[in-house]
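Here is my note on the model, point by point. Please keep the structure open while you read.

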Amino acid sequence: MKKLINSPDEVLADALVGVAAAHPSLTVNMSDRYIARAGGPTAGKVGLVSGGGSGHEPLHGGFVGYGMLDAACPGEVFTSPVPDQILAATRAVDGGSGVLHIVKNYTGDVLNFQMAAELATDEGVRVEGVVVNDDVAVENSTWTAGRRGTGATVFMEKIVGAAAELGADLASAAAWGREVNDRSRSFGVALTPCTVPASGKPGFELGEDEIELGVGIHGEPGRARGRLVSAREIVGIALDAIHTDMPLSGEVLVMVNGLGGTPLIELYVVYAAVAEWLAGHGVWITRNLVGNYITSLDMAGCTITVCRLTPQLTYLWDAPVETPALRWGR
């Protein structure tokens with residue numbers, strides 16, 4: 001294993017020190033292990049908290065800031081944050097209008113966020129939760145009952161974050177989150193496995209000419225293992241799966257997301273094939289992201305996420321945002 005680390009046991013702690021040093025707009029609570037906006041809670045605004053295992057950067061800490069999250073709770077690598085950690089972040093961002101938890105559908109994340117919400121409610125904080133489960137590849141997986149939460153998490157954090165900045169109340173913010181989830185689907189493919197620092201070895205094996213179709217963001221098995229084919233063919237498999245599950249039409253937001261070990265030039269090759277496929281099916285890409293937004297350590301591969309837009313969702317997507325990993329309009 002070759003990694004730019006000091007010790008496998010200190011990767012998260014060292015990374016959090018780096019986040020604090022790099023981004024003065026954020027505050028990093030090292031004892032309670034959460035990242036929040038440096039200015040504290042905004043009175044009268046719904047607070048947004050998300051989180052999950054580390055190793056998916058910039059998700060979630062890179063999306064803390066104006067127009068997105070108020071706080072993020074990073075667990076150890078590929079390990080859910082604990083309830084006390086989530087509770088501390090929830091307290092820290094409560095501006096009096098309640099707190100919305102955005103939770104990817106992994107069993108540990110769901111259970112720990114639920115427990116934290118119950119504890120916060122006992123303290124008088126109003127909490128609602130929205131679960132992201134956009135992955136069409138498999139119905140149940142290694143760490144999941146039901147579909148996994150993947151790329152739509154980024155869409156939800158941006159769109160709900162914009163709604164919260166514009167004064168949406170807690171119920172409305174949750175409703176926006178559910179709408180984004182309902183209108184979004186994802187599919188991933190891995191060319192190589194990833195290596196968790198604590199284990200020091202790849203999480204699974206792939207042959208030189210093999211790919212994992214429908215891989216999860218922790219390296220969970222997909223729906224099939226196949227031979228390496230062209231980017232255009234891989235995109236066809238992914239979009240066929242998405243289109244079968246949620247027929248695509250009209251205007252869409254597309255994210256071609258690298259899993260950590262894929263060069264940007266290859267992601268643009270994939271995006272070209274996505275644009276070609278969608279145009280051939282009468283679908284118009286009006287908004288897009290291409291790059292690394294929800295990664296899986298050093299895994300080579302990508303995920304494709306599509307959201308069927310409405311004028312309201314487009315307006316919220318275009319609203320100003322200023323975070324370490326996503327910024328425009330300010």
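1. **Terms for helices and strands.** The expected span of a helix is 1.5 Å times one less than its number of residues. Helices (H or I, at least four residues) and strands (E, at least two) are DSSP runs, numbered from the N terminus.

2. **What kind of model.** This is a predicted model: local features need pLDDT of at least 70, side-chain atom pairs count only at pLDDT 80 or more, and totals for chains, interfaces and linings use all residues. Residues are numbered from 1 along each chain as its sequence is written, and side-chain values use heavy atoms, with hydrogens and water left out.

3. **Length of α7.** Start with helix α7, residues 264-280. It has 17 residues. From its first C-alpha to its last, α7 reaches 24 Å, close to the 24 Å expected at 1.5 Å a residue. Just after α7, G282 takes a positive phi of about 70°.

4. Which residues of α7 are buried? They are L267, V270, Y271, A273, V274, W277 and L278. The arc is that of the directions from the helix axis to the C-beta atoms. The face turned away from the buried side carries the exposed residues I265, A279 and G280. The cover over the buried residues of α7 includes α6 (231-245), β10, β11 and β12.

5. **Strand β10 and its partners.** β10 spans residues 250-258, and seven of its nine residues are buried. Two strands pair if DSSP finds at least two bridges between them. β10 pairs with β11 (residues 283-291) in the parallel sense, over eight bridges. Here E251 has W284 of β11 as its bridge partner. β10 is also joined to β12 (residues 301-308) by seven bridges, and these two strands run antiparallel. V252 stands opposite R308 in β12.

6. **The crossover.** β10, α7 and β11 make a right-handed β-α-β unit. Right-handed means that, with the strands pointing away from the viewer, the path from the first strand over the helix to the second runs clockwise.

7. Where does G261 lie? G261 is in the loop between β10 and α7. It is partly exposed, with a relative accessible area of 39%. Leaving aside neighbours within four places in sequence, G261 is in contact (heavy atoms within 4.5 Å) with L297, D298, M299 and A300. G261 and Y34 are 227 residues apart in sequence and 26 Å apart in space, C-alpha to C-alpha.

8. **Helix α8.** In α8 (residues 311-318), L313, T314, L316 and W317 are buried. Seen down the axis, the buried residues of α8 fall within an arc of 165°, so they line one face of the helix. P311 and Y315 are exposed on the face turned away from that side. The buried residues of α8 pack against α4 (152-165), α5 (170-182), β10, β11, β12 and β14 (327-328).

9. **Salt bridges.** A salt bridge is a side-chain nitrogen of Lys or Arg within 4 Å of a carboxyl oxygen of Asp or Glu. How many are there by this rule? The count comes to 16 salt bridges. Among them, K3 pairs with D298, the closest N and O atoms being 3.4 Å apart. This pair links distant parts of the chain: K3 in the segment before α1 (11-22) and D298 in the loop between β11 and β12, 295 residues apart. K3 is partly exposed at 26% relative accessibility, and D298 is partly exposed at 32%.

10. **Other charged pairs.** R33 and E76 meet in a salt bridge of 3.3 Å, N to O. R33 lies in the loop between β1 (26-29) and β2 (34-37) and E76 in strand β4 (residues 71-77), so the pair ties together parts 43 residues apart in sequence. D245 and R185 also meet in a salt bridge, at 2.6 Å. D245 is in helix α6 and R185 in strand β7 (residues 184-190), 60 residues apart. D245 is partly exposed at 30%, while R185 counts as buried at 14%. R37, K45, D70 and E165 are linked in a network of salt bridges.

Note on methods: Buried means under 20% relative accessible area, exposed over 50%, partly exposed in between (1.4 Å probe, protein chains only).
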